[in-house]
Amino acid sequence: FSFSEAFVSNPLSVRPDAMPPLVFLPHASPLRAARLLRRRDRFLADVVLEDTGEEYVAYCVNPGRMEAFSREDARIWLLPAVVTARPTADSAAASVAPAAAASAEGGAAAGETSIARGAGAGAGSASPAKKRASGRRLAWTWELIEHEGVICCANTQRPNQIAKAVLERRLLPGLDDWVELASERTLSPEESGPPAWTVKASPCDGAIRRTAASASACSPSFSSSAPPRTSSPSTPSAASAPPPPSRRTTAARKLEPEKSRLDFWLRRPGGQEHFIEVKNCHMVYPDGNGYFPDSISKRASRHVHHLAHLVAKGHRATALFVVAREDLRGSVRPSEHHDPDFARACRAAAAAGVTFRALRVSCSLEGLAVDCEVPVDLEAYDLAPIAAWVAGHRLATGWIRSQTQRRVANGPFPHEVRAATAAAAAVGRQRRVIAAAAAAVARQRRVIA
């Protein structure tokens, strides 16, 4: 898969490093330097501030393994959070009303080109009013980490915010001719297509095996644009009341296709729809290339399958990788060592017409700067160096489980275990063949003697 024409003709791909950034996103507040004591229970980080020596628990906004980023005593930077008491319902409504009025005024002044801001703004972050209403228990959020002399982003919410800023400013050729932009687009079963997994039904269903595709065919259509169903204010009767949970209803729910969302949706002037999925790529190996993912990601593979299905339906689809570290010097690759299924899904999607693009972002204590667009390489490559680099990061990957005080999510992957088991079985078979041959030779010698 060669570089697309969009990349070759894209001025973002030939920008010298000395030029100013295309987009700069400043941090919401000044960052504080700290040291990472340990990452534990996946979403928590025990840290100590460098200037005061005080120890805190920070929020780790990263559900992944964070390969090489969970190194103890690593230098990190924290973003302070405004911790407020939970307000009353009246104060929350009073704080939301001015924001709603300002949003309405801004929407009226936008003209024909509208920007629909979905829930979370494509980044999984709540609005300020919602944050004030929910309160916050942790005073710090882990934002940056220094890895091998390079400042890298550790917050997985930032790539979507970066992509949103680039799309709103129309900086990517091919993604700049939209008349409507929306975040967090929920796909209907018709848009997402048949899932790539099969579920066994419960024995009480009387079915031996059913696929999720058959469940999609008989399930009601779901669309994000359809109005929500409203319940009647009257109390439901016993006849209309839902049945109590049972094994059968539980099994039926498992057969329903999972509702998927893609990060961004565009509508072009001619009415054609364009779906975009953003992926955070944090790992750059010594060969200068970025690799995604750093673990098995069925969700990422499912998103790529959805993009390919949307292209088959006549839409356009793009997978956009965001590499938030400045030491990327090569291309972005799907990590076949970490997730072979995702690599195969990407190559199949590219053959089906899905576009793969990537952005390089530099991180600093002032903010995040989009440097340029980089190519995406979907060709096969040697996995041996990747396996060696991954093995070297075992002690700086995953997190500590508080109950057992053991590091988890840093061991070999299931496909590695299967490959090692198959290799061991092959060696065992070979040894048995050699032993049988030796026994036959010994018998022949005894006969001759």
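Select A409 to start: A409 sits in the loop between strand 21 (406–408) and helix 11 (414–448). Helices (H or I, at least four residues) and strands (E, at least two) are DSSP runs, numbered from the N terminus. The model is predicted, with local features needing pLDDT of at least 70 and side-chain atom pairs counting only at pLDDT 80 or more, while totals for chains, interfaces and linings use all residues. Residues are numbered from 1 along each chain as its sequence is written, and side-chain values use heavy atoms, leaving out hydrogens and water.

**Backbone exceptions**

Most residues other than glycine have a negative phi, and most peptide bonds are trans. A409 has a positive phi, near 60°. Its relative accessibility is 29%, so A409 counts as partly exposed; buried means under 20% relative accessible area, exposed over 50%, partly exposed in between (1.4 Å probe, protein chains only).

A68 is not a glycine, yet its phi is positive, about 75°. With 1% relative accessibility, A68 counts as buried.

Then select F292 and P293, which are joined by a cis peptide bond with omega near -5°. P293 belongs to the loop between strand 15 (290–292) and helix 8.

**Helix 8 and helix 9**

Show helix 8 (residues 298–312) with helix 9 (residues 340–352): their axes come within 9 Å and cross at roughly 10°. Axes are lines fitted to C-alpha atoms, for helices over the stretch in contact, and angles run from 0 to 180 degrees between N-to-C directions. Helix 8 is therefore roughly parallel to helix 9 (angles under 35 degrees count as roughly parallel).

For the contact (heavy atoms within 4.5 Å), select A300, S301, V304, H305, A308 and V311 in helix 8, which meet D341, F342, A345, C346, A349 and A352 in helix 9. By class, this contact of helix 8 with helix 9 has nine nonpolar, two polar and one charged residues. Ala, Val, Leu, Ile, Met, Phe, Trp, Tyr, Cys and Pro count as nonpolar, Asp, Glu, Lys and Arg as charged, and the others, Gly among them, as polar.

**The largest nonpolar core**

A nonpolar core is a set of buried Ala, Val, Leu, Ile, Met, Phe, Trp, Tyr and Cys residues joined through side-chain atoms within 4.5 Å. Select F321, V332, V354 and F356, which touch the most other members of the largest such core, a set of 32 residues. Helix 8 gives the most to this core, six residues.

Finish on F321: not counting residues up to four places away in sequence, F321 touches K279, F292, V332, F342, F356, R357, A358, L359 and V376.

Note on methods:
Parallel < 35°, antiparallel > 145°, perpendicular 65-115°, else oblique.
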